[in-house]
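The chain is shown first.

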Amino acid sequence: MPSYSDFISKYPAYDKTHNIDELREREYGRLDRLGQVYLDYTGSGLYAESQVRRHQELLLGSVFGNPHSSNPTSLAATQLIESARRAVLDFFHASPDEYIVVFTQNASGALKLVGEAYPFSKGCHYLLTFDNHNSVNGIREFAHVKGADVTYIPVLLPDMRVDEIMLATYLDMETAGCANLFAFPAQSNFSSVQHPLEWIEKAHAKGWDVLLDAAAFTPTNPLDLSRVKPDFVPLSFYKMFGYPTGSGALVARKSALGKLHRPWFAGGTITVASVQGDKYYLADGPAGFEDGTLDYLNIPAIEIGLKHLESIGVELIHERVRYLTGWLLDNLSVMKHSSGVPLARVYGPLTTEKRGGAVTLNFFDKNNYPIDIRLVEKAANEHNISLRTGCFCNPGAGEIALQISRMELAACFSQSDHVQRLTYDDFRTCIDDKASGAVRISVGLVSNFEDVQAVLKFAEGLME
Ligand SMILES: Cc1ncc(COP(=O)(O)O)c(C=O)c1O
C-alpha cells in the first residue's frame, strides 16, 4: 500500500496542518488511547477535552435559573444565551440587522420550524433537489397538506450534481404572487457534493425563498452570510464540534422569518395569551420560535465550541480534510480484485473539487456483486473503525446512486403487506439483487493520515 511519503509528495501542504496533529494529541487523545478509528464526521463531530472542561467550569462556578424571568439566576442564564446567539451570528459573519438565530434541538428541529410555518398554498411550489436529507424531504408533507406543488430536481450520475440548465428551467416555474420555497444542501450528506451557493441569488432573482441546509457543510467549510444570503439556514452544532448534543439552530433572515405563520403557541413564544379571550400574541424575534424552556445549560457550550473552531481555523480544517479525502479517493478508486473487477464504486465526484470529506461507495466482490453493507460494517467494527452504512437519511441521492427506479419502488411499496409498514430488511428484499444502501467514510476536524490509512488497509483486506 502507498506510504506516508507517497501521500506527502502528492499533498505536500498537508504538512502545514500539523497544528491539528498537536491538537489531536492534546485534546482528543482518547481516540488513539482507545484505538478508535473515527470516520463518521458527517454523522457527528468530536469534542475537545477543553470544551467539556470549560463548560463544566462555567456550570460549577455560577448559578443558573430558568431564563424566562428577571431574577439574578435567570438573568445570568439569559445573558449567556444571548451571548451564544451573538457568537453564532459572528461565526457566520451574519449581520444582526439582517439575521436572527433561533435555537432548536437540531437541524431537523430547525427544518420543522420552517416547514410547519411556511405559507405554502395551492398553486405555489416547494422545489427541492433529490439530494436532500429526510428532514428537508419531510417538509413536503406540510406543502402537500396546504395544496402546494412539490417538485424534485434530479442529480445526475456519475458526479451526482444538478445540471445548471435544468435548474434554471425549474426555477422558472415559480408562481408570481405566491410563497415559493427552494431547498438544497450546501453539502450532500450522501455524495458530499457541494452544490453551488450561487444558486441562492439565482433563486432569489426569480422570486424564491431559499432554504440552505448547512448541516453537513458547516463542520469543515466557512459559511459567510455577509456574502451569500439564504433565507433559512438549519444546522446542528454537534456536527460542527461534537458537544453539546441536542442543540442546533435556525439562522434566518428577519424578512423571511416574518413570512412564517406558526401553527401554535407555547410557553415562551408569546407576549400575551388568554384563555377566556381566546387570543394570543406571538413574541417578536427568536422567542416566538423557541417553544418552552431552552436548553439553557447547554447553550453556553455552543459559544465555547464556536471559539474552539475559530481558534483552529475552519479554512485549515477544510484544507486538511481535502487532502485526506483526496488520498482516500486516489487509493479506493484504483483497488482491484485479481479478476480485474474494481473493489469499490464511489458515488459522487472522484476529485476534491467542490466536494466535502465524505466518500460514499459500495464494495464489490471479485464477481462484481455488491458486498452486503451489513457485512462491511460488521467487519469494520471488528477493526474499531466507525463508518456508516445505509442511505444516511438521504433516499433521493441513494436511489439515484444505486439506480433504483421509480417503478421498482412503486412495485415494492404497493405490495399488500407493505402498505402500512416496511422495515429496512423488507426493503432490501424488494430491491432484490441490488445494493440498497452504501458505505460512507467521512473525515473531519481531527482526522489524520493514520485513520485514512487504516480504512484503506481494511478495504485492501476485502480484495480477493
Ligand atoms: C445534510 C443534513 N441535513 C440535516 C441533517 C439532520 O441533522 P439532525 O439529525 O442533527 O437533525 C443531517 C444529519 O445527518 C444532515 O447531514
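A residue is called buried when its relative accessible area is under 20%, exposed when that area is over 50%, and partly exposed in between. The model discussed here is predicted.

## The disulfide

With a disulfide taken as a pair of cysteine sulfur atoms within 2.5 Å, the count comes to one. The bond joins Cys124 and Cys178, whose sulfur atoms are 1.9 Å apart. The link of Cys124 and Cys178 is left-handed, with -75 degrees about the S-S bond. Cys124 sits in the loop between α6 (107-117) and β3 (125-129), and Cys178 in the loop between α9 (164-171) and β5 (181-185), so the bond ties together parts that are 54 residues apart in sequence.

The two partners can also be described by accessibility. Cys124 has a relative accessible area of 0% and is therefore buried. Cys178, at 23% relative accessibility, counts as partly exposed.

## Helix α19

Helix α19 covers residues 449-460, twelve residues in total. From first C-alpha to last, α19 reaches 16 Å, close to the 16 Å expected at 1.5 Å a residue. At the start of the helix, a side-chain oxygen of Asn448 comes to within 3.2 Å of the backbone nitrogen of Glu450.

Which residues of α19 are buried? They are Phe449, Asp451, Val452, Gln453, Val455, Leu456, Phe458 and Ala459. An α-helix has 3.6 residues a turn, so residues three or four places apart point the same way.

## Packing of α14 and α19

Helix α14 (residues 314-332) packs with α19 at an angle of about 15 degrees, and their axes are 10 Å apart. Angles under 35 degrees count as roughly parallel, and α14 and α19 are therefore roughly parallel to each other. The crossing in which α14 passes α19 is right-handed.

## Asp90

Asp90 has its place in helix α5 (residues 72-91). Its relative accessible area is 51%, so Asp90 is exposed. Asp90 and Thr220 are 130 residues apart along the chain, and their C-alpha atoms are separated by 17 Å.

Definitions and conventions. Residues are numbered from 1 along each chain as its sequence is written. This is a predicted model: local features need pLDDT of at least 70, side-chain atom pairs count only at pLDDT 80 or more; totals for chains, interfaces and linings use all residues. Side-chain values use heavy atoms; hydrogens and water are left out. Helices (H or I, at least four residues) and strands (E, at least two) are DSSP runs, numbered from the N terminus. The expected span of a helix is 1.5 Å times one less than its number of residues. Buried means under 20% relative accessible area, exposed over 50%, partly exposed in between (1.4 Å probe, protein chains only). A polar contact is a pair of N or O atoms within 3.5 Å; within protein, one must be able to donate a hydrogen and the other to accept it, and residues adjacent in sequence count only if both atoms are side-chain atoms. Axes are lines fitted to C-alpha atoms, for helices over the stretch in contact, and angles run from 0 to 180 degrees between N-to-C directions. Angles under 35 degrees count as roughly parallel, over 145 as roughly antiparallel, 65 to 115 as roughly perpendicular and the rest as oblique. A crossing is left-handed if the near helix is turned anticlockwise from the far one by less than a right angle, and right-handed if clockwise.
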